[in-house]
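The following exercises concern the model shown below. Each task is followed by a solution that goes step by step.

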Amino acid sequence: MTAFPTARLSVVAVVCSFATAVAAQTTDGRRSGFLDMSPQSQALQKDDTANPAMLWVLDGEALWNAKAGRADKSCADCHQDAAVNMQGVAARYPAFSAEHNRPLDLQGRINACRETRQQATPFAPESKELLALSAYIGKQSRGMPIAPPNDPRLAPFRARGEALYKQRIGQLNFSCANCHDDNAGQKLASAVIPQGHPTGYPLYRLEWQNLGSLQRRFRGCLVGVRAEPFAYGSEEYVELELFLMSRAKGMPVETPAARP
Amino acid sequence: MARALINVPPKAKRGEVIEIKTLISHPMETGYRPKGDGSFYPRDIIHKFVCTLNGEEIFRADLYPAIAANPFISFTTVARESGLLMFSWIDDRGEAQMESAKLVVE
């Protein structure tokens, strides 16, 4: 990456980020990690033919229409057109599932549907299929404001997520809030610490050279503070996501985003 | 087979310089990544990319292990005639992925 802060270059950068700031920055100072990226990475996310995450979206569309399981049903057989019926769904997840008596994130919902409706084996965590389907469903909400459901049954889970967010953890004894509230915008080595709004998951990280879920991001942070990561699909992650989504309420969904 | 995304301008004026952008999903396994037992994941990269217009080659690239997964290749050409653009990516397993796109020159 070039680092010559000539006047002209910074003007270009300001114009670029201003154009997208409308979508990514709220008036209350919350900002998406999108704004902390270089103009080149922002361009990558904005161009659907350059954003590698779109490859997973295409796979997801194929999976949406593919029959699976003993029920021999596809997602489309029940939900029909994703562009219509999945609009805004990712913006309101995690949601409470009465069947499970706990909140489910979008990936949990996909796997629950797979098990009960399609009678197929659930996808493995971080599998290409699960990421592809959640990216495809997530994309249907792109640009819509994050709208956590106002469901009183979610409140205790959200409170536990908030407690976990503020809980010091690991050998380095850091909480999420230590970085993402107290020191957001500062640098950790060469990287800008984002505010930690999960607006674009699953997203393509250039470092991963792959699409990854929010839970993979959580694992990265937990390992970073030398804590034992929770297992994929654990309730802790869903609770944390619940809290983060309420914290990011109203910010536009960017799925499938790209990040460095 | 792998997914590919191709971006060709919908219409081009004769003599205009156009940018063609391609993106393909591929692991681009370098051959240098060790497994748990000390052996290496075998190299599997796309080593050649070719674009032809009406059968005539207009762009070719050799790719090497340092190129990231899901390679994005963008190049420019002068729009001289309408026709069919054929793209092919050839990887170490000898598999060739072919895609096509129409180029309309007015």
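This is a predicted model: local features need pLDDT of at least 70, side-chain atom pairs count only at pLDDT 80 or more; totals for chains, interfaces and linings use all residues.

**Exercise 1. Determine how helices α9 and α12 of chain A are arranged, and which residues meet.**

Step 1. Helix α9 (residues 155-166) and helix α12 (residues 235-247) of chain A pack at about 90 degrees, and their axes are 7 Å apart. Axes are lines fitted to C-alpha atoms, for helices over the stretch in contact, and angles run from 0 to 180 degrees between N-to-C directions.

Step 2. α9(A) and α12(A) are therefore roughly perpendicular; angles under 35 degrees count as roughly parallel, over 145 as roughly antiparallel, 65 to 115 as roughly perpendicular and the rest as oblique.

Step 3. On the α9(A) side the residues include A:Phe157, A:Leu164 and A:Tyr165, and on the α12(A) side they include A:Leu240, A:Leu242 and A:Phe243. Two residues are in contact if their C-beta atoms, placed from the backbone, lie within 7 Å.

Step 4. By class, the residues of this contact are six nonpolar, two polar and five charged. Here Ala, Val, Leu, Ile, Met, Phe, Trp, Tyr, Cys and Pro count as nonpolar, Asp, Glu, Lys and Arg as charged, and the others, Gly among them, as polar.

**Exercise 2. State the phi values of A:Gln80 and A:Gln209, and classify the exposure of each residue.**

Step 1. A:Gln80 has a positive phi near 50 degrees, although the residue is not glycine; its place is the loop between α4 (75-79) and α5 (82-85) of chain A.

Step 2. With 11 other C-beta atoms within 10 Å, A:Gln80 is exposed. A residue is buried if 20 or more other C-beta atoms lie within 10 Å of its own, exposed if 12 or fewer, and partly exposed in between, with C-beta atoms placed from the backbone.

Step 3. Phi of A:Gln209 is likewise positive, near 50 degrees, and this residue lies in the loop between β5 and β6 (210-212) of chain A. A:Gln209 has 13 other C-beta atoms within 10 Å and is partly exposed.

**Exercise 3. Describe the sheet of chain B that contains strand β3, and the exposure of β4(B).**

Step 1. Chain B has zero helices and seven strands. Four strands form an open antiparallel sheet in the order β4-β3-β6-β7; two strands pair if DSSP finds at least two bridges between them.

Step 2. The edge strands, each pairing on one side only, are β4 (56-62) and β7 (96-103) of chain B. From one strand to the next, the twist averages 15 degrees.

Step 3. Strand β3 (residues 46-53) is joined to strand β6 (residues 83-91) of chain B by seven bridges, and B:Ile46 has B:Asp91 as its bridge partner. Six bridges join β3(B) to β4(B), where B:Thr52 is partnered by B:Glu57.

Step 4. β3(B) and β4(B) form a hairpin with two residues between them, and B:Asn54 in the turn has a positive phi of about 50 degrees. β4(B) lies largely in the open, because zero of its seven residues are buried.

**Exercise 4. Characterise the contact between chains A and B.**

Step 1. Nine residues of chain A are in contact with 10 residues of chain B.

Step 2. Helix α3 (residues 53-64) gives the most to the chain A side, with four residues.

Step 3. That side has five nonpolar, three polar and one charged residues.

Definitions and conventions. Residues are numbered from 1 along each chain as its sequence is written. Chains are lettered from A and ligands numbered from 1 in the order in which they are written.
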